[in-house]
Amino acid sequence: MPDTVSDRRPCFITTPIYYVNDRPHIGHAYTSLAADVLARWRRLEGRDVFFLTGTDEHGQKVEKAAKDAGMDPQAFTDQVSQHFRDLAVTMGFSNDGFIRTTEERHKRTCAALWEKLVANGEIYLGHYEGWYAVRDEAFYGPDELTERDGVRYAPSGAPVEWVREPSYFFRLSKWLPELLRRFDLPEGDPHRIDIQPESRRNEVRAFVQNGLKEFGQTPEKLDLSISRTSFTWGVKVPGDPAHVMYVWMDALTNYITAAGYPHDPEAFARWWPAEIHFVGKDIVRFHTIYWPAFLLAAGLAPAKRVFAHGWWTNEGQKISKSLGNVIDPVALVAEFGLDPIRYFLLREVPFGQDGDFSRAALIGRNNGELANALGNLANRTLSLIQRNCDAKLPGPAARAASDAALGALVDALPGQVGAHLDRQEFHLALEAVMAAAREANGYITVEAPWALKKTDPARMEAVLRQLHDALRVFATVLQPFMPTTMAKLLDQLGVPEAARGLGALGTPLPGGLPLPPPAPLFAKIEAAG
Ligand code: ME8
């Protein structure tokens with residue numbers, strides 16, 4: 001068994017908090033799904049987990065969306081935030097917390113962090129002028145812009161406008177060398193800021209290095225404007241209510257609000273620093289430059305890891321509202337069922353890379369891997385035990401030479417899956433389970449237990465027991481990915497609720513255990529439709 005069993009270390013896992021200017025789409029479902037699977041895995045290991053998600057409700061973008069909807073911003077955010085809570089239920093997310101940035105507890109934490117930064121001499125008043133994109137809630141340098149028909153655009157495609165206003169600044173410049181040092185610390189060093197995947201780490205490092213080179217003579221150009229006076233929908237700056245905090249400062253702070261800073265020092269000591277912030281590739285800089293710099297400047301530790309995933313296209317096309325090809329996770333789940341969707345999203349594309357969502361690929365994975373390789377294996381094995389073993393689990397038997405290959409794969413599987421999940425290699429974890437399931441299908445064909453009833457019933461029982469043991473391991477390690485279906489499979493396998501953690505795999509189920517009649521786990525999906 002992996003030596004992490006009964007390891008009760010606390011583990012804080014976060015998703016981005018989502019903007020409430022829009023309905024939930026596949027991107028939101030995807031980031032949170034990855035976080036959910038890791039959180040569920042850590043619980044199976046026996047870890048104490050705090051899995052947080054929530055909504056980002058301030059800023060000009062949300063203010064605008066509320067205005068367009070003809071609503072007061074608070075009423076608007078109350079309504080849209082609920083869609084994200086509903087999404088968590090639809091997707092089967094096991095989040096322990098849900099934070100909204102309009103909550104009082106969060107405003108208090110923002111004020112506390114701000115005051116700490118002021119006390120540490122990290123904030124000064126100046127004024128800002130420059131190119132600002134409301135859509136991205138971000139500033140851009142003049143050299144980053146392109147001009148079309150008299151309008152300037154950011155690299156993201158968002159139009160920018162010239163803004164000039166008094167603003168508080170954060171001494172970001174001061175922290176950049178320290179960030180670089182921490183990016184480059186060796187794996188395992190407690191001060192390392194671990195950016196994954198490697199390609200993102202290189203991108204962020206190069207971005208900081210170039211900035212330092214370019215602005216080497218005038219470091220204040222690298223400082224960050226962290227307040228606005230041009231709109232009001234935000235957290236007020238302590239002592240200067242004409243300013244609201246920059247929305248990213250407000251948003252990033254959500255992670256420590258929920259962890260208990262500063263109102264619950266015991267909880268904060270327990271949960272912080274976070275094990276991992278899951279983010280999309282578009283928001284990696286905010287999480288790996290601004291956020292750790294704020295924290296270091298306040299004397300707090302940065303999160304241990306930031307993992308940035310890639311983006312989905314839809315049948316080969318970039319997803320956009322104007323193309324009308326936004327993927328609605330609720331509709332997907334209604335059409336295909338929850339667990340096949342959860343499986344597909346993490347199986348199809350290596351986490352960290354861009355990938356394509358296609359119905360053909362989804363149907364292929366469902367039919368080939370879930371219905372055939374896994375579902376049929378379970379059904380054949382359990383039906384044979386029903387019919388030929390009087391619906392009772394055969395007792396544990398010593399492995400024969402022909403059981404060794406499957407046995408070795410199954411024994412190694414929990415450790416292998418765990419090692420992949422420690423690196424957020426969700427697709428490799430699933431591939432490892434599928435490789436073992438393919439081996440088990442080969443084994444059942446070769447051993448042909450259905451033919452042994454008359455000739456060698458003891459061997460028949462031993463083979464069915466090997467298969468049952470393998471299925472128990474598959475179902476146990478797949479629980480984080482497909483919680484509902486694997487609960488059904490574990491019921492069919494007769495595994496008691498209390499014996500579904502990784503630690504229980506070391507204890508064989510007793511022979512003679514009565515097993516309920518099996519029922520199909522996955523339906524095949526017809527290609528047309
Ligand atoms: O960024 N494929 O909120 P958001 C995969 N409030 N992921 C996608 C995607 C696609 N096609 N499109 C978007 C914010 N995403 C901030 C975060 S955190 C302190 C504040 C992902 O609602 C995107 O990468 O815009 C991001 O992680 C999330 O969906 C959208 O977040």
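Reader: Which residues come nearest to the ligand, out of the 22 around it?

Author: In this predicted model, a residue is counted as near a molecule when one of its heavy atoms lies within 4 Å of it. Of the 22 residues around the ligand, those that come nearest are Ile 17, Tyr 19, Asp 56, Asp 282 and Trp 312. By class, the shell divides into 11 nonpolar residues, nine polar ones and two charged ones.

Reader: Which helix gives the most residues to the shell around the ligand?

Author: Helix H7 gives the most, with five residues. At least two residues each are supplied by strand S1 (10-19), helix H1 (26-44) and helix H7 (247-259).

Reader: How many residues of domain 1 and domain 2 are in contact, and how much area do the two domains bury between them?

Author: The chain is divided into domain 1 (5-310) and domain 2 (359-506), whose C-alpha centres lie 42 Å apart. Contact involves 14 residues of domain 1 and 18 residues of domain 2, and the two domains bury about 1,300 Å² between them, with 71% of it on carbon and sulfur atoms. On the side of domain 1, Val 37, Trp 41 and Leu 44 lose the most area to domain 2, together accounting for 50% of what that side buries.

Reader: Where should I look for cis peptide bonds, and which residue has a positive phi although it is not a glycine?

Author: As a general idea, most peptide bonds are trans, and most residues other than glycine have a negative phi. Here a cis peptide bond joins Gln 196 and Pro 197, with omega about -10 degrees, and Pro 197 lies in the loop between strand S9 (194-196) and helix H6 (198-214). Another cis peptide bond joins Trp 272 and Pro 273, with omega about 0 degrees; Pro 273 is found in the loop between helix H8 (265-271) and strand S14 (276-280). The residue with a positive phi, about 50 degrees, is Asp 149, which lies in the loop between strand S6 (146-148) and strand S7 (151-153).

Methods
Residues are numbered from 1 along each chain as its sequence is written. This is a predicted model: local features need pLDDT of at least 70, side-chain atom pairs count only at pLDDT 80 or more; totals for chains, interfaces and linings use all residues. Side-chain values use heavy atoms; hydrogens and water are left out. Helices (H or I, at least four residues) and strands (E, at least two) are DSSP runs, numbered from the N terminus. Ala, Val, Leu, Ile, Met, Phe, Trp, Tyr, Cys and Pro count as nonpolar, Asp, Glu, Lys and Arg as charged, and the others, Gly among them, as polar. Domain bounds come from an automatic or database domain assignment. Contact means heavy atoms within 4.5 Å. Buried area is the accessible area (1.4 Å probe) that two parts lose on being put together, summed over both.
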